[in-house]
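This briefing concerns charged side-chain pairs in a predicted model. Please consult the sequence and structure shown below while reading.

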Amino acid sequence: MQLLIIDALNLIRRLHAVQAQRHQHEATALAATGAALTNAANRLLGQFRPSHVVAVFDGAPVGFRHHLYPEYKAGRKPMPEALAGYLGELQQLLWQQGIDALLSDTDEADDLIATLASTLSRHGKSSIIVSTDQGFCQLLNSHIRLWDHFNQRWLDEAFVQQHFGLKVGQLVDYWALTGVSGSQIKGVPGIGPKRAKALLQQYHTLDQLLATPPQLKDENTVHTHQHHALLSRQLVKLVDDIELGFNLQDLRYPPPTKGS
């Protein structure tokens, strides 16, 4: 089996941004977004021919990360109001294509996606996550792949090595050091991508770095601000063991006809 997991808002917001530039009238832009979403979904289904498919939406604006760190995602540009009000229609369009929507009142979409992919992976089954969000690269393994629909490319281990100069298993520690600006996660003051990469190439993990007496300036900085690093790591790491409460057979594609 192969599960296709669509990061729905990642896809929809980018499609809408293009249509909003092309069409002056809001209603026209929304209708065009719906058509673009239908086309994108058809292309993905034809390209990957999954046995199961789901579109995961973000239904939990306040989750455990906000409670740990109130500034989490503060100042992020909100979804256009008209688009937010049109999500029900977009979900209906996907449903008409046999793609069910998944959202939670308590869990972020990223964690739901991580749980779906990781649960399958633990059982030796494959999934493809459709998203431009590089945060999903931390999940990559022989059973989990990440597809950038807009650039038509795999965000794979080779991409991680080329882009970050690190292994997949080091990404969470890397972001713990650098922070993630788009989510307002600060990381360690003064430690940017170049320094974080050098530290992890030397020590391999954040835990090993913190377990070693500091000798150089950057090492001392991380030790001094280790609470920032550890909090950032907790915020960055995706949760992969949420109780989903449904059967994977509910996501079969194409969906079974009644009585089958």
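R153 and D148 are joined by a salt bridge (a side-chain nitrogen of Lys or Arg within 4 Å of a carboxyl oxygen of Asp or Glu), with an N to O distance of 3.5 Å. By this rule, the count is eight salt bridges. The model is predicted: local features need pLDDT of at least 70, side-chain atom pairs count only at pLDDT 80 or more, and totals for chains, interfaces and linings use all residues. Residues are numbered from 1 along each chain as its sequence is written, and side-chain values use heavy atoms, with hydrogens and water left out.

**Exposure of the R153 pair**
- D148 is buried (under 20% relative accessible area; exposed is over 50% and partly exposed lies in between, with a 1.4 Å probe and protein chains only), at a relative accessible area of 3%.
- R153 is partly exposed, and its relative accessible area is 35%.

- The closest N and O atoms of R65 and D111 are 2.7 Å apart, in a salt bridge.
- This pair links distant parts of the chain, 46 residues apart: R65 is in helix 3 (residues 64-68) and D111 in helix 5 (residues 109-122), where helices are DSSP runs of H or I with at least four residues, numbered from the N terminus.
- Both R65 and D111 are buried.

**The R195 pair**
- R195 forms a salt bridge with D218, with the closest N and O atoms 3.7 Å apart.
- R195 lies in helix 8 (residues 193-203) and D218 in helix 10 (residues 217-224), so the pair ties together parts 23 residues apart in sequence.
- R195 is partly exposed, with a relative accessible area of 38%.

How values were computed: Helix = DSSP H or I, 4+ residues; strand = E, 2+ residues; numbered from the N terminus.
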